[in-house]
Amino acid sequence: MDNCTYEKLDISGLDAWFGDKQALKGVSLRIKPKTVTAVIGPSGCGKSTFIRCINRMHELTPGNRVSGVVLLDGVDIYKSVDSMDVRRKVGMVFQKPNPFPNMSISDNVVAGLKLIGAASKKELEAVAEENLKAVGLWKEVENDLKKSGASLSGGQQQRLCIARALAMRPEIILMDEPTSALDPASTAKIEDLVKTLKAETTVIIITHNVQQAARISDMTAFFYLGELIEYGETRTIFESPKSPLTERYITGRFG
Amino acid sequence: MRMVSRKNKDRVARWLSLAITVLAIIPLLWIICSVVVNGISAINLEFITGVPAPYGESGGGIANAIFGTLIINAMASIFGIPVGILTGMYLSEYATKGKFSSAIRTSVESFSGVPSIIFGIFAFTIIVTNVRHYTALAAAFALGIMMIPIVAKATEESMRVVSDDMREAAIALGVPKWVRTVKIVLGVARGGVITGSLLAFARISGETAPLLFTALFSFYWPTGIDQPMATLQVLIYNFALSGYQERVLQAWGASLLLVMLVVAINIVVKIVTRQKYKEGI
């Protein structure tokens, strides 16, 4: 119990299935608050399934199943919390930027709050500005707040999506390869942003790019065939991995 | 040698398809031209502001029929468009592979092929024979039912092509399903829904058979939505067969107005669709 209070996320014995196919096998790990955790591993290793179990999106597809315990601030998100509330506490940013094209830039930022009717118009404006500033987009869009979210460039759209997730004041932000569809300059901006985010929140980021993991994360988790092979401080994982599999992966010999 | 024959075949196919296309367009142009040529001389201020003159007197207009068509179409839309949208929404977002869903899907699809006179006789049987007089409400009911499958199909198709990325984005924000469906998926698909609704409106603007059983006709301004009401369609039918030279001319004029209404709606549809692509949906 003494550990629970200071772990943001405490996952134990997490299994996940797509129908009969087991995608995650007995994953256990603890994540400290205000850190960035990188999740790496070859395609199909269960990285996405893993993070989708943290905001309860894995179970949405009929036939999918999850078992195990996921404690967020000590509370079991599969037993004691409604799935909608879990997703309000655990934000997500996707691989492909997905702003709502039927909403303006500022409405996109506050979409979550607006759609659940959680704030007044005045509050929403302030929230939009605050979060656009947090992702460094404010100066670029200040005069275009009423334009469609789809009118922005890919990198700007992704930052808009991060602002949208941040506006919910999440405890955790999950990111599923957020830079893989972006150019290098936009990628660098998002990487810098991720580093600043941990002042306020806890970030779990999937990346295919091991250099990116090394640059931005405090902790790294390496998955292979649905199992968590190695988890520890990023520097340790990169300098002296315990598992030969981890070493082969991060040195680019497979994956 | 073979090369030449292949090129010749190619040429024949091209000219043949062009010739047949022109052949197919001729009747259409013919109709439009005769409607314009015959109709234009009937149109003047009295024609579009007055009511029909009593038999034997000359002059008069068709304003009551223009008004009636718009009223009945509006009432049909108020009923048909929301029901169509909800049906399409159900088929796109909630329907499963079960028997119930497939029964709904099949009936929506076959509904659009049912001849319009059937809807007329249906409205006649359940409304007109019960209230014992012709009424515009029955016409709106018949036309509204006809709009449902068109709007439902358009809604279903445009909601289905909304990328799952949008649904996932909304799910990840903790937005309940019905809010996601209405505010996000329907919101993104709105171009297609508007297009479908306008096309359904255009479609019912040309229907005559259901009106003969229901709204019938009137020579006067409407006195209430539960009364017989003049429409352009029935006016064309009555006046064209009246045998009076002037009335026949007025029927042409009414036809021109009706064609213009339908063309105008199609132009609006084009504009809406173009905007949809501009937004990159």
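Let's start where two helices of chain B touch: Thr69(B), Asn73(B), Ala76(B), Ser77(B), Gly80(B), Ile81(B) and Ile85(B) in H3(B) meet Val193(B), Ser197(B), Ala200(B), Phe201(B), Ile204(B) and Ser205(B) in H9(B). Here, contact means that C-beta atoms, placed from the backbone, lie within 7 Å. Helices (H or I, at least four residues) and strands (E, at least two) are DSSP runs, numbered from the N terminus.

This is a predicted model, where local features need pLDDT of at least 70 and side-chain atom pairs count only at pLDDT 80 or more, while totals for chains, interfaces and linings use all residues. Residues are numbered from 1 along each chain as its sequence is written, and chains are lettered from A and ligands numbered from 1 in the order in which they are written.

Back to our pair: the axes of H3(B), residues 63-94, and H9(B), residues 190-205, come within 10 Å and cross at roughly 140 degrees. Axes are lines fitted to C-alpha atoms, for helices over the stretch in contact, and angles run from 0 to 180 degrees between N-to-C directions.

Now hop over to chain A, where an open sheet of four strands runs in the order S2-S1-S4-S5 with antiparallel pairing. Strands pair if DSSP finds at least two bridges between them. At the edges sit S2(A), 21-31, and S5(A), 75-76, each pairing on one side only. S1(A), residues 9-18, and S4(A), residues 64-72, pair over eight antiparallel bridges, and Ala16(A) stands opposite Val66(A) in S4(A).

Finally, how do the chains meet? 22 residues of chain A are in contact with 19 residues of chain B. H2(A) gives the largest share of chain A's side, four residues.
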